[in-house]
Amino acid sequence: MEIPRKALPNRQYTYRPTYADDPSTPAEIRYLEPQPTTYLNPLSPEAQYKSRSSSVSRWETLAHTYSITLLALFTSLVFVLTAWYAQAIFSDEQTTSFQRILQGALTTSSTIALFKAFELVQWALVGQEKGVDALRLLGVSPSTGLLGTMGVVLNGRSRVGDKLWAGGKIVLVVATWSAGILLFVRTSLVTEYAIAHTYDVTAGVGQFNGSYVKEYLQSLKDLQPDYNFTIVPYNIQAIAYNLVGNSMQASVAAPVNESCKNGSASCDSYLFTGGLIMTTPWVPTGYESSPLVNINDMPALQTEFKRGLSQNHDFTDEECSVFGADGVLIGVKFCVAERATEKGSYMAEGMYVCTNGTSSGKCITTDPAPNITTTFSVYSRKAHAITSRSNYTVLSAITTSDAELNTNIDLPTFRLALSWLLDFNASAIPATSSIVSLFWIAQDQLKSEYWSSELYHTLQSILAFPLWQFNPNNFGNVDLAPKEIVQGLPEEFYTKASITKPYTRIVINHDMYLSFLVLQGVVLAFVWMIPVWLLLFPRRLPQISSYPMLDFAFKAEFQTNVGEGDREEISRKLFNASGKETRKECKNVRVRLYQDD
């Protein structure tokens, strides 16, 4: 039912919508006599604001801002802890989990603090003597969603100030959410290790020492003085056959030579750390929950092979050895020589198969003889190794120093070691049981680079074996003890090993970390600015409850600069208005804090 227009110009009157909107209420009592008090009516057509102009003390303001101050303190504390833990030097499993909890707590507390700050801004604007434009209030209010706030920014009827407040709110909300996301953008996962126990060890693989060769061969002969042949233990042959593929000793490494790096040559590079099996003393028992042993800062040997020969070379008799016997069809010629054009790079003329055996120390073969060749270099390095306690496997080997080319390999003793290993006639090993027989019986495979890959790895292992066996920290050194640390080794072999348990840690990207600090810092600065602003410039604020809808219904009033009928028309339009229509109808509406005189 339409309400009769009986406005009393320039006078205050009471408008009671409870009765006025009730059709059963007699028309004569819908409007009462003029009263000295203006009652609350959010859309009252003639409500007039009467300011009390009373001063507000800072203590009163403080009573309204203590909650935002506590939220700001808590959020700042969580922010500092999150930033610190994200870049902490120390790290363990608990630290990583705590970091994730802190980030979630920071995002949550920042959002709560930000909306609490906007709630105070909202009431501070409403508490002004002339109130605040409804569009600005819609842009600032925490109860306005993101789309509604964007509508205020894009609305052509919004003033510049309205757009700035709404735009600032959007920026701060997005910054709050983005900070938590950016912190974990472009992160990397690294495996770290919780240490259960650390102990002293000797470990690593050093450089070839030719003086050990004769001492070691003599120690074997001393085990059986009356034996008229050289002694090649079974375990030596077994290891030498596949040394480069033995995961307890070697790991595939990045190449050092530039031609290998750029792919212009076919190269294989191996890093020999010796792993856990070449440490002394034995690994302590216990610590069942820690399955790994990490060995730090130990010497390592890197061998690099390039398949084939890059230049022609005529080997002398001193550079080659023939392994075979008269009347035996199996035989090979093996040559090793230092390259004349590149110091420290060694040429292995590999295995030349004597297709018709040997005679008087000469290789009888077809022309060309089936063969497999390689060029190899030797480097010294420092490395860390991560090994398995259960099967001694080297799980990871990380180099920690630049590669240093070894140019001092004693080739005569190196050849002596190879002859001891390969000369089946001198050791009275049946030719068919010898290592060199592998190459003789695979003559067809040697003609194909692809199908000879297995034999090529065996050749690599044979060449690497003397380097590995006759270094200070292997049993080619007869003074080494299996269970106790011996004195007299080069200092680089004395290091520490740790029994460890692996875990995954998040590594924060530096640029994303800085972005997180900036965004989160901006949000915190705004949150802190609001209580400081209100303390420096006190405003009349109502007692705010946890129910914002009721707070606005009973603590604020709406005012327009149009007539009573037009206000009622606005009220009806707002009842069914969309967001766009709401912004249109609110262009002439202001909101003020209700005062009960």
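How many disulfides does the structure hold? Three, taking a disulfide as a pair of cysteine sulfur atoms within 2.5 Å. Before you click around: this is a predicted model, where local features need pLDDT of at least 70 and side-chain atom pairs count only at pLDDT 80 or more, while totals for chains, interfaces and linings use all residues. Residues are numbered from 1 along each chain as its sequence is written, and side-chain values use heavy atoms, with hydrogens and water left out.

Select Cys 260 and Cys 267 to start. Their sulfur atoms sit 2.0 Å apart, and with -75° about the S-S bond the link is left-handed. Cys 260 is buried at 9% relative accessible area (buried is under 20%, exposed over 50%, partly exposed in between; 1.4 Å probe, protein chains only).

Now pick Cys 320 and Cys 335, joined with S to S at 1.8 Å. This link is right-handed, with 110° about the S-S bond. The pair links distant parts of the chain, 15 residues apart: Cys 320 in strand 6 (residues 320–323) and Cys 335 in strand 7 (residues 332–338). Strands are DSSP runs of E, at least two residues, and helices runs of H or I, at least four, numbered from the N terminus. Cys 320 is buried at 15%, and Cys 335 is buried at 1%.

Next stop: Cys 354 and Cys 363, sulfurs 2.0 Å apart. The S-S torsion is about -125°, so this disulfide is left-handed. Cys 354 is buried at 0%, whereas Cys 363 is partly exposed at 23%. Counting bonded cysteines along the chain, the pattern is 1-2, 3-4, 5-6.

Finish on Arg 157, in the loop between helix 5 (146–154) and helix 6 (160–182). Arg 157 is partly exposed, at 43%.
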